[in-house]
There are 2 protein chains.
Amino acid sequence: MYGAGDVRVETVPEPTLQAPTDAIVRTVRACICGSDLHPYHSMPELPQGATMGHELIGVVEEVGPQVTNFQPGDFVVVPFAAADNTCPICQDGFQTACPHVNFFGPGTGGQQAEIARIPWADGTMVKVPGVDPATADESLLKSLLALSDVYLTGHHAAHMAGITPGQSVTVIGDGAVGLSAVLAAVRLGAGQIILMGRHKTRTDLGREWGATHVVEERGADGIAKVLELTGGFGSHAVLEAVGHMPAYEQAVGVVRPGGIISRVGVPQYEEAPVGFGSLFGKNARLAGGPAPVRAYLEDAIKDVLDGTIDPGKVFDRTIGIEDVPAGYRAMDTREALKVMIRF
Amino acid sequence: MYGAGDVRVETVPEPTLQAPTDAIVRTVRACICGSDLHPYHSMPELPQGATMGHELIGVVEEVGPQVTNFQPGDFVVVPFAAADNTCPICQDGFQTACPHVNFFGPGTGGQQAEIARIPWADGTMVKVPGVDPATADESLLKSLLALSDVYLTGHHAAHMAGITPGQSVTVIGDGAVGLSAVLAAVRLGAGQIILMGRHKTRTDLGREWGATHVVEERGADGIAKVLELTGGFGSHAVLEAVGHMPAYEQAVGVVRPGGIISRVGVPQYEEAPVGFGSLFGKNARLAGGPAPVRAYLEDAIKDVLDGTIDPGKVFDRTIGIEDVPAGYRAMDTREALKVMIRF
């Protein structure tokens, strides 16, 4: 990316091992993230450009001398952030706050590419056992790719909300992460799932995955609708997958006293209401952050392999690497929900 | 109270039953709360005055026709807020967000008095079995009185933080609630308890109750000290018992990634930092609110009666009703930590 709206596909030198804990991975599938649209809208012009992409599944090509868990030929899922996975914070399950964390982002990742360098490979990547990506079903590859970020970000929202069976859950946002949060809430046993969104093709997938209600209204009208659907009390858990202030305010409006707002939409604000009139007075809690994908990845791979979940359904368009600029445009104009790149 | 700094003791008509769910309780002990100092500092002049006080233990004198759990002569603890204790929100354990909640406050309570009207008596009050207040030990009465607000407010902070055995806990504030939070954290099995406060007589009680470290420094220095005591990571749980913005900022600074800030100091702000740079980036959570004392009261009465906890030690001065104006002054000037009123 050379600036807002300016995505180019270029041939660059292949990445090489830089640390003994690195691995080089040849990409099988990568994708474009909703969060890639932020720089697509606002990145200042950058003459040297920035490599893009932070989600991939691939085959290990080379490992550094200190990498012991992987060898060339292993098929792996790579989370959107690298971490050592051995420090006390990683052991607590918060790998995205690891002192060694490496968020793949513009210039620091580059997974929308044929080949990528993965730091802290032993701590970061997880093997997919018994699958040959060359012959695997396309829908299986989609679902595995969804585990590198989007599905497990939705899962993180549900997990941090501590959803227990039978609870009422409201999901704010019908993007790929919001829909993933619906699926994750179902997995945790939610009794009622209200999806707040207004794009029918998207909310239809939400219904297919288990949303019991769809609320199209926003703001005060949307809040009133959710309160009506919850006996006037609001939802025990609100999964906020947008990141803008109106979504936060909506979350405050629909959370039940003693309930929890769990955010995975990256906040586009720093300050927000948390005092007596918003959270404190009704003992509402606030949780969430960048998903520690690695903490959930082994279980999620099992769930995908045994067919329990099918998170790959968020991918509604597949392109080749040469079409990545068009892929950004399709997501930006909402023609596509989420775009997969096949190599 | 007739305005800031203007507390008078006057003879007024005795309260009478107003609803069939009311009870009239004759006060045995009441007290002055740190939160009473807010109107003491800032209440506009009010010609008719406002009755004050929201903490009491007493003997039931009369009950309305729909009150079935109590009869005249019962010795009870009365929480600082009345609630029906039957609605779904109460059943979830958040009685302070009950649709029928009645926060006793200036003009709506009046427990700094010989006799008081308690709404929703069946839902609000809890009997103390086997104790005759006329002959009971003074320290027992103090500890029972502490359950009407201060101790269980500290307990609420610890409970909402979900403290598990061995965790590191930082308590911000060495007032009566902060000290109570130390005692509550010990009860939940905290491994390390860092008390941030600078009043030696108070932090000494904190140490007696189980604080393992005292940090006198505030702001950046205080944060650095706590990080040093926690291997650079911060505490799993931060119990914030102050309510002012510097305390909130201190809490953000000392909370461990993935940890939780639990507030019971009533926030003197509405907006606060919650974005990527404060809570979101490190997956820190925020919890707390007005303590649903009723939810914890039965267990806490048992703990007091069997000597497991001695929360009454926060009362370091006892006065008669005629000395209440002097009691406010003593707490305001920090000569007294918490003042009990004997009737």
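This is a predicted model: local features need pLDDT of at least 70, side-chain atom pairs count only at pLDDT 80 or more; totals for chains, interfaces and linings use all residues.
The arrangement of the two chains comes first. Chain A can be laid on chain B by a turn of 180° and a shift of 0.0 Å along the axis, with an RMSD of 0.0 Å. That is the relation of a two-fold axis. The same surface serves both copies, as 100% of the contact residues of chain A recur in chain B. Within chain A, L286(A) comes closest to the rotation axis, its C-alpha lying at 2.5 Å.

Side chains of opposite charge can pair when their charged atoms come close. Over all chains, the count comes to 30 salt bridges. R256(B) is buried, at 9% relative accessible area. D92(A) is partly exposed, at 36%.

Other pairs lie within chain A. K127(A) and D74(A) form a salt bridge at 3.6 Å. K127(A) lies in strand β7 and D74(A) in the loop between β2 and β3, so the pair ties together parts 53 residues apart in sequence. D74(A) counts as buried, with 12% relative accessibility, whereas K127(A) is partly exposed, with 38%.

E138(A) and R342(A) meet in a salt bridge at 3.9 Å, N to O. The pair links helix α4, which holds E138(A), to strand β16, which holds R342(A), 204 residues apart. E138(A) is partly exposed at 25%, and R342(A) is partly exposed at 41%. Together with R29(A), these two residues are linked in a network of salt bridges.

Methods:
Residues are numbered from 1 along each chain as its sequence is written. Chains are lettered from A and ligands numbered from 1 in the order in which they are written. Side-chain values use heavy atoms; hydrogens and water are left out. Copies are superposed by least squares on the C-alpha atoms of residues with pLDDT of at least 70 in both. Contact means heavy atoms within 4.5 Å. A salt bridge is a side-chain nitrogen of Lys or Arg within 4 Å of a carboxyl oxygen of Asp or Glu. Helices (H or I, at least four residues) and strands (E, at least two) are DSSP runs, numbered from the N terminus. Buried means under 20% relative accessible area, exposed over 50%, partly exposed in between (1.4 Å probe, protein chains only).
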